[in-house]
Amino acid sequence: MVRLIVLRRTKPLPYASILIPVSSIILGIILSAIILYFLAGIPPLALFSLIIRSFISPTVVKDTLILTLIGLSLVIAFRASIWNIGAEGQIHMGMLVAAWIALFTPLTSAPMFAKITCVLAGAVAGALWAALAGVLRAYVGLDEVPITLMLNYVAYYVLDILVYGPWRGRFTYGYIRTDEIPEDLWLTLIPGTTAHMEVLVVAIIIGLSTWLMFKYTIIGLRLRILGSNPEFLRSAGVNVKHVMVLALALSGAVAGAVGALYLLGDTHRISYPVEAQTAGYGYLGILVAWLSMLDVRAIPLAAYVVSSLRITGITMQIAGLGGTAIVFLFMGSVLLTYTIAKVFSEYTIRVQR
């Protein structure tokens, strides 16, 4: 009789931090190409050509910067083994606060101050929204995965109520949406791209801050220990519940800031229904975080790859080669192959007779 035994590796797989993400991307693209060829008759060479063109598209810079920030947001929580699946809702709460400031306060008379206030207020809103799930996890014992996921939809519907009701614009040509924010608050384009200078600056600041936090600060140390050995934290007299809430709050703060930046730079208004208008960056950021192997330094590269695949899917939609599912097919294929590769990097299968 033959039995398969799954054993955890005593030594890590050599070069796993490079091999796993690279193999996941390559095999995920190949798997997508096979599926699209048999289901839609799309030639693999044509698909690969589109992917290559997407990698050098000017649009990829904008998506890369946004997904870099979301990836950083999620890595903060993931390295503490706190699974924040709610970046999407945190983004939208940041948008909500930024829209209120831009549309209904006198701060717009000082554009630079208003921009900074929008981003900071968005960060606070995202932090509070995420901390709600953190409190439920730490003090009630509820799993943060379904809580953060459900809070995404709560955020959607809060915005829907506002946009359909008191925030509905007067100059919207029959559409259900807010008025456009003042042009003075729009972000500055980087020449030759669709990205914005302010987003680049924030990405550099948060990227460096996150790396320094994990490498040199007591907060970063506690987050890392929470992800590997929470009992050690307890024995050292650290309140583990506080660290759990902090991990989600810091993660949500970055996502909320992204929501404010996205409003100021791209949408300039909020449209109803919100859940049908979202770009889904909060979910794509999960893939970015995993492909980076939770290494802050690798996040920009992972964001660049995910952005390119997203643009490929959008290009195929425009060309009439598929619907929105094309984007999810790419992401799902890469995530599937990543999961399989990750399992085999940590476990080995032996045949016993």
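Tutor: Begin with a cut-off: a residue is buried when its relative accessible area is under 20%, exposed when that area is over 50%, and partly exposed in between. Note also that the model is predicted.

Student: Are Glu198 and Lys115 buried or exposed?

Tutor: The side chains of Glu198 and Lys115 meet in a salt bridge, 3.6 Å from N to O. The class under 20% relative accessible area is the one that applies to each partner. Glu198 and Lys115 are both buried.

Student: How many residues apart in sequence are the parts that the pair Glu198 and Lys115 ties together?

Tutor: Glu198 and Lys115 form a salt bridge. Glu198 belongs to helix H7 (residues 197–216) and Lys115 to helix H5 (residues 111–140), so the pair ties together parts whose separation in sequence is 83 residues.

Student: How many salt bridges does a search of the whole structure find?

Tutor: The cut-off is a side-chain nitrogen of Lys or Arg within 4 Å of a carboxyl oxygen of Asp or Glu. Over the whole structure the search gives seven.

Student: Is Arg137 buried, exposed or partly exposed?

Tutor: For Arg137 the relative accessibility is 24%, so Arg137 counts as partly exposed.

Student: How much space lies in the largest cavity?

Tutor: Counting cavities of 30 Å³ or more gives one. The space in the largest cavity is about 40 Å³.

Student: Which elements give two or more residues to the lining of the largest cavity?

Tutor: The lining consists of Lys62, Leu65, Ile66, Ala195, His196, Val199, Leu261, Tyr262 and Asp266. By class, these are six nonpolar, one polar and two charged residues. The elements that contribute two or more of the lining residues are helix H3 (59–78) and helix H10 (240–267).

Student: How far apart in space are Ala123 and His196, C-alpha to C-alpha?

Tutor: His196 is one of the residues that line the largest cavity. Ala123 is found in helix H5 and is buried, with a relative accessible area of 17%. Ala123 and His196 are 73 residues apart in sequence, and the C-alpha to C-alpha distance is 18 Å.

Student: What area does the nonpolar surface patch have?

Tutor: Ile18 lies in helix H1 (residues 16–40) and is exposed because its relative accessible area is 52%. Ile18 makes the patch together with Val22, Ile26, Leu27, Ile30, Ile34, Tyr37 and Phe38. The area of this patch is about 790 Å².

Student: How far apart in space are Ile340 and Glu180, C-alpha to C-alpha?

Tutor: Ile340 is in helix H14 (residues 325–346). With a relative accessible area of 43%, Ile340 is partly exposed. Ile340 and Glu180 are 160 residues apart in sequence, and their C-alpha to C-alpha distance is 45 Å.

Notes:
Residues are numbered from 1 along each chain as its sequence is written. This is a predicted model: local features need pLDDT of at least 70, side-chain atom pairs count only at pLDDT 80 or more; totals for chains, interfaces and linings use all residues. Side-chain values use heavy atoms; hydrogens and water are left out. On a 1 Å grid over the protein atoms alone, a cavity is a set of points where a 1.4 Å probe fits but cannot get out, and a pocket is an open set with protein on both sides within 12 Å along at least five of seven lines; lining residues have an atom within 4 Å of a point. Grid points are joined across faces, edges and corners, and a volume is the space filled by probe spheres set on the points. Helices (H or I, at least four residues) and strands (E, at least two) are DSSP runs, numbered from the N terminus. Ala, Val, Leu, Ile, Met, Phe, Trp, Tyr, Cys and Pro count as nonpolar, Asp, Glu, Lys and Arg as charged, and the others, Gly among them, as polar. Patches are made of residues with over 30% relative accessible area and no salt bridge: like charges are joined within 9 Å, nonpolar side chains (Val, Leu, Ile, Met, Phe, Trp, Tyr) within 5 Å. Accessible areas come from the Shrake-Rupley method with a 1.4 Å probe; for residues, only the protein chains shown count as cover. Buried means under 20% relative accessible area, exposed over 50%, partly exposed in between (1.4 Å probe, protein chains only).
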